[in-house]
Amino acid sequence: MELEKTYEPQRFESHWAQWWVETGIFHADAKAPGPRFSLVVPPPNVTGSMHIGHMLEHSLIDAAIRWRRMCGDNTLFLPGVDHAGIATQMLVERSLAAEGLSRRDLGREKFVRRVWEWKEKFGSRITTQMKRIGDSCDWSRERFTLSPELSRAVLEAFVRLYERGLIYRGTYMVNWCPGCHTALSDLEVKHEDTQGSLWHIRYPLADDSRSLVVATTRPETMLGDTALAVNPTDVRYADLAGTTAILPLMNRRIPIIFDQVADPQFGTGVVKVTPAHDPNDLEAGKRHNLPHVKVIDEDGRMTADAGPYASLDRFEARRRVVADLEKLGLIEKIEPYALAISKCDRCGTVVEPLVSTQWFVKTKPLAAKVLDAVGRGRIVFVPDNWNKTFFNWMENIRDWCISRQLWWGHRIPAWHCADCREITVAREAPSKCAHCGSARVEQDTDVLDTWFSSGLWPFSTMGWPDDTEDLRTYYPTALLITGYDILFFWAARMMMMGLELTGEVPFRQVHLHTLVRDPQRKKMSKTKGNVVDPLDINDKYGTDAVRLALMRAAAPGTDITYSEERLVAARQFANKMWNAARLILMNMDAAGIQPALTQPGSPETLEDRWIFSRLSRAAAAVNRALGQHRYHEVAEELWQFFWHDFCDWYLEIKKLRLAPNSGLTNDWRNLLGVFSAYLRLQHPVMPFITEELWRQFGETQSIALAAYPQAGAVDEAAEREMALLQEMITAARKLRADHGLDKKLLLEGVLYCRNGSKSVELGVIEKLAAVKLDVRTGAAPDLNGAVRSTPEFDLVLRLPEVDVDIQRSRLTKEIEQLERTIADKDRQLANDKFLSSAPGHVVESLRAKRAEQMAQLEKSRATLNTLQ
């Protein structure tokens with residue numbers, strides 16, 4: 001059988017992706033034997049399509065599960081998608097806007113129906129992509145967070161937590177997004193450092209005796225001020241007890257209070273108190289029984305209480321307020337001021353602190369259980385450098401706002417009584433109020449935060465709250481692989497929910513992988529235009545090459561810099577695998593041997609003993625690295641073994657051994673046995689090409705179900721002997737290259753073996769180095785000619801006399817060119833203007849290139865001296 005000449009992954013990747021799904025070979029059987037190993041996919045948004053971060057994450061997860069499956073574990077890789085409340089609703093609302101409609105034009109029921117229609121039409125895109133990249137999931141268990149089964153789990157979780165006093169409803173200051181029109185949790189708010197202004201405003205005292213200067217970054221909120229505050233310890237203002245000030249622009253009297261909210265070191269020590277628009281002011285307002293004057297509404301516009309500024313956008317109101325204050329001469333000064341702006345992580349709108357009635361989870365008791373579990377090692381972070389950050393965040397956790405003012409999502413199972421105003425929380429819709437018996441009850445209009453249902457994902461997907469066979473078999477899961485950026489969004493909440501509702505941790509290990517950044521190490525985002533579509537690069541380079549390139553770069557603790565060069569190199573590696581397989585198959589055909597991947601025979605030759613030893617070391621290193629989630633080491637070990645040990649040396653020597661029509665000799669058995677083992681070792685990283693080559697060698701069962709190679713014996717003597725053989729061949733090749741001689745030109749010489757033994761693989765050395773050698777013992781009596789000396793041997797080659805003058809001339813020109821090139825680089829590197837304006841990576845690349853050329857110059861000079 002002959003492989004196609006060129007490696008074109010597009011020919012077979014989609015075939016195997018579809019075959020794996022259709023045959024159901026990754027179906028999990030709870031009754032199957034073997035250790036249990038389960039994990040759930042971090043559910044991507046139903047609205048989404050894969051980005052490069054997904055590609056990295058799924059490559060790592062799939063490698064982990066394929067490895068454990070091949071090791072004989074009873075594995076479950078459970079797929080699914082998240083309903084993504086805000087993200088999905090925003091997309092559908094944009095679609096409606098294009099039709100000139102809003103969700104309120106449709107009403108809640110029709111709008112939700114419209115979202116379900118959108119989900120059915122576009123929601124399979126992300127799962128189709130997951131299948132295409134080779135995720136070895138049990139697709140019969142695919143889950144959706146808004147399915148009836150998972151919705152029942154969400155309902156049960158809410159009711160149980162409510163009954164335990166861990167969910168409550170209260171009026172507090174929340175992060176409000178005027179763009180998404182919903183409350184946000186602290187984790188859904190991003191903070192951007194920006195340059196703003198600090199306005200110093202004069203507030204006249206009511207008795208006109210003087211003015212107090214107040215500094216603020218948000219002058220529009222002064223319209224809602226209900227007091228000024230000074231610190232009780234600030235002696236400068238001790239005489240202000242019982243006095244009042246006039247609120248500029250509104251001409252309203254406001255009291256001057258003494259409270260710790262005022263910092264004597266900030267500005268003049270006097271601060272404005274706006275309980276409706278600042279969390280610290282809200283608490284001060286409670287302490288002093290101050291009224292709340294809400295001047296900014298949920299749309300980010302000024303309310304009627306803002307007087308002449310009513311209905312203005314909040315930022316336009318700011319401009320007008322400042323202008324009016326300046327007209328009145330009430331602006332003392334304006335200073336530039338650095339501040340962190342809070343924005344919605346979803347839509348980028350500036351968040352408004354508003355007092356609102358919302359539902360909350362009481363997180364302190366839940367966090368205590370998580371801290372205990374992590375502290376006892378029931379959950380282990382890999383790498384463990386996240387422990388300190390995790391503990392600090394959990395110890396200072398705030399209650400979690402879980403209600404969202406949306407229509408798409410799990411509606412909160414609480415019913416409000418129109419008569420007694422009490423709330424009934426129930427698993428089923430009540431016909432009457434549980435408190436007064438009134439039939440006038442209406443369900444809460446809010447839905448739950450998407451992360452609430454995601455927090456149940458590891459056990460809700462396995463049938464909880466029912467006692468299912470899947471739950472008993474596969475929960476807790478063995479592993480969670482996710483990005484460090486959602487450690488608190490998702491992982492921490494799964495831990496809290498899992499421990500509280502099941503009494504068990506949701507996973508034993510958490511591997512936090514790095515992020516993929518653009519070539520300038522900036523975060524990728526659509527707004528920056530630096531996003532890389534993994535499906536495009538998969539089509540260009542092959543999915544295996546993308547997986548390999550990402551894994552090689554995925555060292556823990558260091559974000560990955562996206563690089564086309566890595567992808568090119570990975571595709572070249574896949575091409576090398578293809579060409580090696582093609583070479584073996586062609587030689588098997590010439591020898592009259594049917595394609596078959598056999599078990600290796602006894603290692604009789606040096607190269608067999610050596611490659612078996614190297615394979616054993618590689619298997620040990622790869623298994624160890626997979627167990628430690630050091631995926632970059634896995635990829636690198638497999639790369640080095642195949643490219644350098646197998647192809648550069650073992651395969652080259654075997655080509656000399658395998659004569660046509662030789663039959664299935666021991667040499668063939670060992671070659672095929674090693675290649676078989678390598679394909680299996682590489683399969684978790686590069687599943688498509690390994691499956692294709694496995695089948696091309698006549699195998700009928702999927703390689704995904706074959707046994708994963710484990711470490712065997714190490715033959716250190718063979719490794720020493722082979723190292724010496726490699727050194728001799730390399731020395732001969734190096735001498736030839738240094739003198740610019742034709743690779744096919746047969747050179748004669750003498751090999752002096754210093755250890756007193758003439759027992760070397762002379763035939764292999766002569767064939768691979770294109771030399772004819774006389775082997776002698778002891779050190780060389782003289783070192784005339786082209787020489788390489790080591791503690792083990794002296795190699796002396798006789799160079800063709802007729803070529804010496806040509807070589808001198810060539811080397812002289814080469815040296816002159818290198819000297820000119822290096823001088824040019826030296827001028828650039830001595831130019832301060834260039835060094836200050838050029839990107840850092842350009843300067844480093846220039847320095848690296850100069851170092852390479854300097855090394856070549858020294859080598860060329862040394863070779864010229866030898867010739868002279």
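Modeller: A salt bridge here is a side-chain nitrogen of Lys or Arg within 4 Å of a carboxyl oxygen of Asp or Glu. Please keep in mind throughout that this is a predicted model.

Colleague: How many salt bridges does the count come to by this rule?

Modeller: Side chains of opposite charge can pair when their charged atoms come close. Applying the rule to this model, the count of salt bridges comes to 63.

Colleague: Which residue forms a salt bridge with Arg-440, and is Arg-440 buried or exposed?

Modeller: The partner is Asp-419, with the closest N and O atoms 2.6 Å apart. This pair links distant parts of the chain, since Arg-440 sits in the loop between strand 19 and strand 20 while Asp-419 sits in the loop between strand 18 and strand 19, 21 residues apart. Asp-419, at 43% relative accessibility, counts as partly exposed.

Colleague: Which helices hold Glu-607 and Lys-654?

Modeller: Glu-607 and Lys-654 form a salt bridge whose closest N and O atoms are 2.8 Å apart, and both residues are buried. The pair ties together parts that are 47 residues apart in sequence, because Glu-607 lies in helix 19 and Lys-654 in helix 20.

Colleague: And what is the relative accessible area of Asp-645?

Modeller: The side chains of Asp-645 and Arg-614 meet in a salt bridge at 3.0 Å, N to O, and because Asp-645 lies in helix 20 and Arg-614 in helix 19, parts that are 31 residues apart in sequence are tied together. Arg-614 counts as partly exposed at 25% relative accessibility. Asp-645, in contrast, is buried, with a relative accessible area of 10%.

Colleague: Turning to the open sheet of four strands, which strands stand at the edges?

Modeller: The order is 6-5-14-16, with antiparallel pairing. One side of each edge strand is left without a neighbour in the sheet, because each has a single partner strand, and these are strand 6 (182-184) and strand 16 (400-401).

Colleague: What is the bridge partner of Arg-169 in strand 14?

Modeller: Strand 5 (residues 167-177) runs antiparallel to strand 14 (residues 352-361), and ten bridges join them. In strand 14, the bridge partner of Arg-169 is Trp-359.

Colleague: Finally, which residue just after helix 7 takes a positive phi?

Modeller: Helix 7 covers residues 148-163 and reaches 22 Å from its first C-alpha to its last, and its buried residues include Leu-150, Phe-158 and Leu-161. Just after this helix, a positive phi of about 75° is taken by Gly-165.

Notes:
Residues numbered from 1 in each chain as written. Predicted model: local features only at pLDDT ≥ 70, side-chain atom pairs only at ≥ 80, totals over all residues. Heavy atoms only, no water. Helix = DSSP H or I, 4+ residues; strand = E, 2+ residues; numbered from the N terminus. Expected span 1.5 Å × (residues − 1). Buried < 20%, exposed > 50% of the residue type's maximum accessible area, 1.4 Å probe, protein only. Pairing = 2+ DSSP bridges.
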